[in-house]
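Take a look at the structure below. This report walks through its chains, their interface and some of their strands.

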Amino acid sequence: MSITLPTYSRLEIPLLGRRQRVWAIIATGLRKELRRPAAIVVMALGAAFTTITSIAILFIATIIPSGQAPNLTFFSGPASNFFVLFFVSLMASVIGAGLIADDLQSMAFTLYLSRPITQLDYLLAKAAILAPLVAMVTILPLLLAALVAAFLGFFSWTIALEAMGISIVVGGLLTLFYTAITLFLSSLSRRKGIAGAGVFAVNFGLTIPAEVLTIVIGNRSILYLSPWDNYVAVATAAFGASSTGIDWAVALAILLGVTVLAALVTYVRMKAVEVITG
Amino acid sequence: MNGVVEAVGVSKWYGEVLGLNAFTASFGKGITGLVGPNGAGKSTLFKLLIGQLHSDQGKITLLGENPWNNVPLKRRLGYCPEQNQLYGWLTGQQFVETLLRLDGMPAAESRKEATAALKVVGLSSAAHRPTRGYSRGMRQRAKLAQALAHHPEILILDEPLSGADPAGRVHILRTISEFAKDGGHVLMSTHVLYEIERVTNNIVLIHNGKAIASGNIHAIRALIDTHPHAVRIETSKPRQLAQALARMEHLVSFEFPAADTLLVRTRKPDAFYRELPQIVSDTKLDVRGLESPDDSLDAVFRYLVG
């Protein structure tokens, strides 16, 4: 048997900075997700369904006589669209849950960290993969609803543009919250199923009991336990609609606090994580 | 102490299990083989060296630096893990390119260097096939390609020959030798002493998390020769291959543990590994992988540690 081989030789290549390295993780992660039929279906269904229902909610609000001219408060309806909660949970479970867990389970994490990549780079890249996808159900539908409503003449462009700006802020808040929580849950286990179940538990395991208990006990403070109700309180206040019964400032503090805490704990955990693979 | 790797009293626990037990060794320049049976602590030591594990006790340095969370040091090393899972949908070319981009290499250079590295390990013809379709030996070569494509100072190779076919072994060993000739350092683990003998005489023997001996390979060769060395061969025609191998006088036994597996035991492993490629080539039999169960080495280690 005769084998001829080229020889190895060393050479120096100037290397690019941190931004390019982070982008390399993002590009690989996005390519991975966009190859998965489940991820594509959830993204497409989520974006389409939440957009259609948000537009429908807005139109119904304008059609039903309420005695007031179309104004910014009308947009609190689509912002409180319950389908957003459902699809954000589904998207976080199907796409986000595996972002870190899958890498821990396979040797991908070992390979990532064998490169000049810090844990912060890695986490930022994972957040940058998930956040735009979550925004497809938290921000995009609100923007499109306002846009369509303005095009059809239901609202003035001034109101629509203002609504779009507020939508970006409140939708961004929800996006950050779910991105941080999902990555935190994904970093806890090598099994993405557990992280996915955790996202549903955080949403429906807190929201539904909190709303039921509020009705039974009659104390609306329990709603602070529900991330969704906190978000709705903030969104409603941002659009100038009447209060949902809980203080929007407290709700905002809770959402921001939990987001920052989840991000910090995930970072500390990833910083200390040891890759044990066998 | 000015070795490439210095380890002094390094211990690592996994809960109740001791991965490394006051491991002390100094690895010099060039190629060093870390030899020990499965579970001896080889992978743990390598994970400590690439900064993915943190030692519970003792001090370890790689190229004079503490590797734990040491990002700049990672630019200087190339790591080939033992595990076989890859992002299977990536082609070999994309796999190496992606990892080069993580190093910060520009896209054009990544493409060029990935192509060159795959050529060095003999994977050019399969570069544009998804890695999920690769044989185990091809995956080993792809992992070696990503480890050396960014031109590191040191290669850390965890069982790089495990499961590789005869041609793949030749490529891998040749690549490692060339890398070292060019001034690079190599740490390579194996549980098959005869594989490492082809590229270096410097070995460190590890058993139960401790370095039990280090130095020249020939000293323990005689010991090992008294224990028949087992080789498991993956082939579609194990009986025909056994027939072809029967002319080797040093073979002690043949077994057929599975429909596509032949297990041979030899008293002269070096001769066996030398002659096998020629026989495979002459008979044109399909050999997909070679693996040595570590029972023979384990026996020697039990003898060494009493």
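What follows goes from chain A to the interface, and then to chain B. The model is predicted.

**Chain A**

Start with the secondary structure. Chain A has eleven helices and zero strands. The C-alpha atoms of chain A fill a box of roughly 90 × 45 × 30 Å, taken along the principal axes.

**Where the chains meet**

How many residues of chain A are in contact with chain B? The count is 44 residues of chain A, and they touch 55 residues of chain B. The size of an interface is often given as the accessible area lost when the parts come together. Here chain A and chain B bury about 4,700 Å² between them. Carbon and sulfur atoms carry 61% of that area.

Polar links cross the interface too. Six residue pairs are in polar contact there, with both residues at pLDDT 80 or more. The count of salt bridges between chain A and chain B is one. Its side chains belong to Arg115(A) and Asp103(B), with 2.3 Å from N to O. This distance is within the 4 Å cut-off, so the pair counts as a salt bridge.

Which elements of chain A give two or more residues to the side that touches chain B? They are helix 1 (18-33), helix 4 (82-105), helix 5 (108-113) and helix 11 (248-272) of chain A. Helix 1 of chain A gives the largest share, seven residues. By residue type, this side of chain A divides into 24 nonpolar, eleven polar and nine charged residues.

**Salt bridges beyond the interface**

Over all chains, the count comes to 16 salt bridges. One pair is Arg174(B) and Glu178(B), whose side chains meet at 3.3 Å, N to O. Both residues lie in helix 6 (residues 166-181) of chain B. They are four residues apart, about one turn of the helix.

**Strands of chain B**

Strands of a sheet pair through backbone hydrogen bonds, either parallel or antiparallel.

| Strand pair (chain B) | Sense | Bridges |
|---|---|---|
| Strand 1 (residues 5-14) and strand 4 (residues 57-62) | antiparallel | five bridges |
| Strand 1 and strand 2 (residues 17-27) | antiparallel | seven bridges |
| Strand 11 and strand 12 (residues 261-266) | antiparallel | five bridges |

Look at strand 1 of chain B, which pairs with strand 4 of chain B and with strand 2 of chain B. Ser11(B) stands opposite Gln57(B) in strand 4 of chain B. Ala7(B) stands opposite Ala25(B) in strand 2 of chain B. Strand 1 and strand 2 of chain B form a hairpin, with two residues between them. In the turn, Gly15(B) has a positive phi of about 65 degrees.

Now turn to an open sheet of chain B. Four strands form this sheet in the order 11-12-10-13, and the pairing is antiparallel. Why is one side of strand 11 (251-258) and of strand 13 (287-291) of chain B left without a neighbour in the sheet? These strands stand at the edges, each with a single partner strand, so one side of each has no neighbour there. On average, neighbouring strands of this sheet are turned by 20 degrees against each other, direction ignored.

Methods: Residues numbered from 1 in each chain as written. Chains lettered and ligands numbered in written order. Predicted model: local features only at pLDDT ≥ 70, side-chain atom pairs only at ≥ 80, totals over all residues. Heavy atoms only, no water. Contact = heavy atoms within 4.5 Å. Buried area = accessible area lost by both parts, 1.4 Å probe. Polar contact = N/O pair within 3.5 Å; in protein donor to acceptor, adjacent residues only side chain to side chain. Nonpolar A, V, L, I, M, F, W, Y, C, P; charged D, E, K, R; others polar. Pairing = 2+ DSSP bridges. Axes fitted to C-alpha atoms, helices over the stretch in contact; angles between N-to-C directions.
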